[in-house]
Amino acid sequence: MSRSVMSASADRALAWDVDRVRADFPALRRSVRGHPLAYLDNAATALKPESVIAGVAEYYTQVSANVARGVHTPSQEATARFEAVRERVAAFIGAASPAEVVFTAGTTAGLNLVAQSYGAAMLEPGDEILVTEIEHHSNLVPWHLVAARTGAVVRGVPLTEDLTLDLDRLEQMLSDRVRVVAVCHASNVLGTVLPIKQIAAMAHRRGAVVVVDGAQAIPHLPVRVGDLGCDFYAFSAHKLFGPTGLGILWGRTELLAKMPPWQGGGGMIAQVELTGSTYAPPPMRFEAGTPPIAEVYGLGAALDYLDGWDRVAATRYEDALADEAAERLAGLSGVTVYRPRGPRVSVVTFTVADIHPHDIGTALDAKGVAVRAGHHCAQPLMRRLGVPATVRVSFAPYNSPADIDALITGVGHAQRVFGA
Ligand code: C6P
């Protein structure tokens with residue numbers, strides 16, 4: 001390790017005790033192919049601390065009852081915890097009320113909910129939905145589906161040379177026909193953080209609602225939905241150190257109140273006759289069927305766990321790791337790093353000349369380094385970058401400088417193996 005890297009690491013260690021944090025994550029104790037695991041795929045899913053695993057286990061070992069359906073004690077306990085976590089989430093994102101917090105299956109489900117409920121009810125032929133070139137497929141395909149259903153048109157806002165959103169083009173494309181602006185808060189490929197507050201103000205001037213895909217922002221940025229000024233905000237628990245299978249859709253009270261259900265079933269009704277039904281108010285209206293109860297217990301534990309972190313220090317630490325990785329990768333011959341100018345989260349994307357990203361991913365796995373290789377569910381962005389696929393490394397506060405060393409050594413090993 002170079003001298004400057006060693007001293008940078010020492011500085012960070014003073015502010016962030018990474019060894020103490022690493023001890024909380026049991027998955028970091030395993031080895032992969034004879035090497036310590038260097039887990040650099042946090043944008044795909046974050047590892048879980050012991051307390052989150054215990055939170056899920058607590059539900060199954062001590063409660064294991066359904067919610068909102070039972071008069072018995074375990075069911076009432078489960079219901080009380082379920083609603084307490086809803087309140088906890090509302091406080092975590094600065095929602096005006098817990099009724100604005102809908103439990104879903106994940107970011108994807110939340111965005112589909114908005115498209116299928118709000119979109120299908122409000123969009124008319126010729127209306128426009130603006131998306132961006134940087135979106136994940138989860139914030140594109142639901143809009144394609146609802147456009148096909150309603151006759152609305154989806155239009156894409158391009159990026160600038162700096163790989164940030166072209167706000168001038170957005171301003172030009174905003175017209176009174178635009179009903180929805182669907183944007184990510186942070187890109188899963190480049191890490192670019194979009195200026196949601198500014199975008200929301202621009203969209204609202206033209207009467208459009210703003211739907212934000214917060215999947216990649218929520219683990220890194222302090223999210224206060226009121227300050228952002230958007231109308232909907234979706235994210236997944238599993239990227240926030242919580243369980244898989246659970247997401248949050250936040251929506252403004254007045255919008256949720258006028259949206260029809262998107263799925264029917266138990267738990268979401270007011271009254272059911274044989275030939276018709278009326279519906280419960282939000283959030284229940286959007287939570288048909290037995291919800292992911294154990295996962296909600298786990299999310300509650302994840303939020304408790306995060307309370308123990310200085311999140312500003314955590315973000316500063318992981319950003320420094322990402323910067324260091326980007327710098328060292330860019331210093332390798334044949335490596336191209338794609339980084340946006342301006343605000344970004346701790347994600348670094350790169351390609352290696354003459355070696356397919358999948359081969360790099362496989363070669364890195366042989367050294368215990370877990371990265372993501374492919375199009376990252378962002379094919380329009382790959383087209384914009386002029387590549388079919390990239391390698392992506394994404395950092396969390398439990399990553400260490402040793403993970404970067406393993407990455408750099410692994411890329412060099414791949415170049416030797418593939419003769420590049
Ligand atoms: N991105 C990645 O490796 P789900 O699968 O519903 O929890 O999240 C979907 C999603 C939506 N938006 C963004 C910006 C995302 O990054 C993701 C998930 C993972 O980048 C898996 S493709």
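Me: Into which domains is the protein divided?

Reply: Domain bounds come from an automatic or database domain assignment. Here domain 1 covers 3–46 + 310–417, and domain 2 covers 65–306. Residues are numbered from 1 along each chain as its sequence is written, and side-chain values use heavy atoms, leaving out hydrogens and water. In this predicted model, local features need pLDDT of at least 70 and side-chain atom pairs count only at pLDDT 80 or more, whereas totals for chains, interfaces and linings use all residues.

Me: How many residues does each domain bring to the contact?

Reply: Contact means heavy atoms within 4.5 Å. By that rule, domain 1 gives 36 residues and domain 2 gives 32 residues.

Me: What is the area buried between domain 1 and domain 2?

Reply: The size of an interface is often given as the accessible area lost when the parts come together. Buried area is that loss for two parts, found with a 1.4 Å probe and summed over both. In this structure the value is about 2,800 Å², with 56% from carbon and sulfur atoms. Arg311, Val345 and Arg384 supply 25% of the area that domain 1 buries against domain 2, more than any other three residues.

Me: How many salt bridges does the rule find across the interface?

Reply: A salt bridge requires a side-chain nitrogen of Lys or Arg within 4 Å of a carboxyl oxygen of Asp or Glu. The rule finds two across the interface of domain 1 and domain 2. Separately, the side chains of Arg384 and Glu133 form a salt bridge at 3.8 Å, N to O.
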